[in-house]
Amino acid sequence: MSEIRVLVGTRKGAFVLTSDGTRTRWDVSGPHFAGWEIYHLKGSPADPNRLYASQSSSWFGQLIQRSNDGGKSWEPVGNKFVYDGVPGTHLWYDGTPHPWEFARVWHLEPSPADPDTIYAGVEDAALFRSTDGGQAWQELPALREHSSASSWQPGAGGMCLHTILLDPSHPGRIFIAISAAGVFRSDDAGTTWRPINRGLKSEQIPNPTAEVGHCVHRIAMHRSRPGVLFMQKHWDVMRSDDAGESWREVSGNLPSDFGFPIDVHAHEPETIYVVPIKSDSEHFPPDGKLRVYRSRTGGNEWEALTNGLPQRDCYVNVLRDAMAVDALDPCGVYFGTTGGQVYVSANAGDSWAPIVRDLPAVVSVEVQTLP
Amino acid sequence: MIRVVLPAHLRALARVDGEVKLDVEGQATQRAVLDALEDRYPMLRGTIRDQVTLQRRAFVRFFACEEDLSHELPDAPLPAAVATGAEPFLVVGAGHAH
């Protein structure tokens with residue numbers, strides 16, 4: 001029977017949650033790296049026991065940890081993230097030029113084919129790659145050297161490169177998203193990049209339809225149809241059917257189209273999930289009700305999923321990397337909250353149950369489906 | 001022999017209990033102590049000082065002999081009591097409650 005391994009990054013350490021395919025009884029391991037912020041951990045699709053974790057602290061900086069046994073043991077690997085050449089400036093919150101400064105790794109994206117190749121999205125926004133299992137990191141500098149980069153400005157959480165999607169059907173095609181610059185695509189493995197934000201409209205920036213400057217919170221794709229992208233923007237849920245060349249809004253009947261995560265059902269490419277949040281000034285769910293919204297039509301028509309989720313007095317947030325799906329049938333959906341709960345639905349969202357209730361604030365959730 | 005006391009998070013990272021004892025060749029300075037420390041425990045590179053500029057991280061401080069040595073030059077001699085091992089060199093996470 002399949003095993004499910006849920007990798008949870010929190011403000012105070014990493015946790016590994018495991019269950020059999022019923023997804024009803026869970027074993028909790030952790031905290032690993034207790035007391036450190038774990039922005040993200042993720043397993044290699046090519047070797048599921050190879051895991052990588054981003055460990056950081058304001059005091060002691062950035063570390064990368066690697067496991068070769070599914071998270072039972074870890075070893076620190078390379079943590080030298082140095083921008084290529086003289087990194088130049090972007091805009092600071094007050095609109096003045098500000099030098100590029102490395103702060104932390106937000107997202108780790110292992111190669112689907114090679115356990116030793118992994119990409120890292122960092123703050124201040126840039127893309128790094130390691131081809132030796134995380135020992136040495138090289139920047140792919142063309143993104144940060146894009147002609148628009150001097151005009152990029154941080155979102156409220158920092159100027160982070162938070163999403164990396166590797167297109168499984170187009171070798172060399174990479175989508176990345178930056179708060180608050182937008183989405184960029186490379187078709188040549190990171191040698192050149194161009195912004196793909198046509199159709200986005202952000203009233204918070206001077207030119208709402210500018211080529212760059214949009215606060216994209218998360219993008220997602222289904223492996224079987226990588227030309228279709230879904231986006232949770234600061235406000236608005238968006239969809240592209242042409243690999244990002246153009247976007248259209250699919251917020252439809254959502255109670256709020258502000259939010260952070262977005263994800264796609266493992267077996268139904270038109271079934272997508274978001275967690276509406278009231279507003280950018282109130283990072284909690286509308287009406288104190290924690291509701292996942294599911295669309296089975298690729299957007300526009302949404303239904304609230306509430307069974308098993310708190311429907312009163314709930315004021316947690318769900319951060320951008322804190323939702324994931326497994327590959328079982330029916331598809332499991334998982335998300336973590338800033339209140340320390342990790343919820344699972346073993347039936348594609350119809351009902352939910354907490355796996356754990358009292359972890360530190362959850363920053364990221366990833367799921368591995370093991371044979 | 002120089003005695004170094006690390007903060008809890010860095011002891012856990014380096015997998016050491018208690019003090020670290022280091023042999024430092026030549027004059028005992030901050031730089032010499034940190035070089036020896038990072039040679040012995042490579043996982044500490046970047047956690048106390050930047051790997052490129054070698055500047056102390058902003059929230060890390062160095063104490064010894066009841067004095068704050070954080071702003072001393074990296075190549076300034078450490079107090080004789082530290083150099084002889086009579087007193088430890090403390091690496092501290094500023095304001096870090098543990």
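Helices here are DSSP runs of H or I with at least four residues, strands are runs of E with at least two, and both are numbered from the N terminus. With that in hand, select chain B and follow its elements from the N terminus: β-α-β-α-β-β-α-β. That gives three helices and five strands.

Before clicking further, some ground rules. This is a predicted model, where local features need pLDDT of at least 70 and side-chain atom pairs count only at pLDDT 80 or more, while totals for chains, interfaces and linings use all residues. Residues are numbered from 1 along each chain as its sequence is written, and chains are lettered from A and ligands numbered from 1 in the order in which they are written.

**Stop 1: chain B as a whole.** The C-alpha atoms of chain B fill a box of roughly 30 × 25 × 25 Å along the principal axes.

**Stop 2: Cys65(B).** Stay in chain B and pick the loop between strand 3 (60–64) and strand 4 (67–68), where you'll find Cys65(B). Cys65(B) isn't a glycine, yet its phi is positive, about 50 degrees. Cys65(B) is partly exposed, because 15 other C-beta atoms lie within 10 Å.

**Stop 3: where the chains touch.** Now show both chains. The contact takes 13 residues from chain B and 12 residues from chain A; two residues count as in contact if their C-beta atoms, placed from the backbone, lie within 7 Å. Highlight helix 1 (residues 8–14) of chain B: three residues from there make up the largest share of the side of chain B that touches chain A.

**Stop 4: a loop in chain A.** Which residue sits between strand 20 (237–240) and strand 21 (248–249) of chain A? That's Ala243(A), another non-glycine with a positive phi, about 55 degrees. Ala243(A) has 18 other C-beta atoms within 10 Å, so it is partly exposed.

**Stop 5: two cis peptide bonds.** Most peptide bonds are trans. Go to Glu123(A) and Asp124(A), though, and the bond joining them is cis, with omega about -10 degrees. Asp124(A) is in the loop between strand 11 (118–123) and strand 12 (126–130). Then select Ser179(A) and Ala180(A): the peptide bond there is cis too, with omega near 5 degrees. Ala180(A) lies in the loop between strand 15 (174–179) and strand 16 (182–186) of chain A.

Key: Buried ≥ 20, exposed ≤ 12 C-beta atoms within 10 Å, placed from the backbone.
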